[in-house]
Amino acid sequence: MLIKVDTDSCVQCGICVKACPVGVITFGNSGPEALSENGCNRCGHCVAVCPKDALRHRYVDISKQKVIDSYPVIDAETAENFLRSRRSIRYYKKKSVPREQLLQLVDIARFAPSASNSQSVSYYIIENRTVLDELLESVMEWMEKQIATGEFHHSFPIHVDSWKNGKDPVFRGAPHLIVAAAPRELKNRRDNTVLNLAYLELYAGSAGLGSCWAGLFEFFAADNEEFVSKRLGLKKGLVLSGAVMVGFSAERYLKLVERNQLQVSWVE
């Protein structure tokens, strides 16, 4: 049975039926009933929305659903400042992040929304800077080969020169890299990953850490999929879907970021 209802507690308000995004819960003679198990995407909305705590779901562990006293959890001004305070950090302290903190980052990332609640994003965390140095060299050698062909991204010569002058244009000296991977057949793997890593980046700032998308590494990985998969030990069927560098920021920004002027049109 997909759902069980405590009929003594249920007031038959129908909120769980309305909250089900795929319509597998209906209202029967004695309250909520599941029409089908196959269509359920296991989002847990029905359990979380019940005001009487009367619903149980086979695939949703009620003990792991944290009770919140009020919603919204933070006020609008706090939320705005929090979101606007996120920065792409490209200058890091030479200090490793404890494994517990790195795990916190990926743990919060899994709560991001995903297409049809597919989730399915796995993480590979590089703790050793030596591994990043090896990957950095591989990326630079690839860039040099691209330049030699005459067909390359306009920034490649700049990055190669920077590397030859002792700098790290790929990982920016970060001590760690968090790589996301998802099943190749998952149509929305990149979308899911972007949302997950966006959560990770937002949380990183609250945890006293800096982060930045490793775009150049992603560029390299797309053209060297087999090499990257083997070096990182990706499980069979998974492909790299995103990468973020992480570490303790050596920068402290004193002002909130600004963006281009809002462009909006009202459609009637």
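The model is a predicted one, where local features need pLDDT of at least 70, side-chain atom pairs count only at pLDDT 80 or more, and totals for chains, interfaces and linings use all residues. Numbering starts from 1 along each chain as its sequence is written, and side-chain values use heavy atoms, with hydrogens and water left out.

As for the overall build, the chain has nine helices and eight strands (DSSP runs numbered from the N terminus: helices are H or I with at least four residues, strands E with at least two). Of its 268 residues, 36% are buried, meaning under 20% relative accessible area with a 1.4 Å probe, protein chains only.

Now for the inside. A nonpolar core is a set of buried Ala, Val, Leu, Ile, Met, Phe, Trp, Tyr and Cys residues joined through side-chain atoms within 4.5 Å. The largest one holds 32 residues, and Met 143, Val 170, Phe 171, Leu 177 and Phe 217 have the most contacts inside it. Helix α5 gives this core its largest share, eight residues. Leaving aside residues up to four places away in sequence, Val 170 touches Leu 136, Val 139, Met 140, Leu 216, Phe 217 and Met 245, a contact being heavy atoms within 4.5 Å. A second, separate core has 16 residues, among them Leu 102 and Ala 180.

Notes. Buried means under 20% relative accessible area, exposed over 50%, partly exposed in between (1.4 Å probe, protein chains only).
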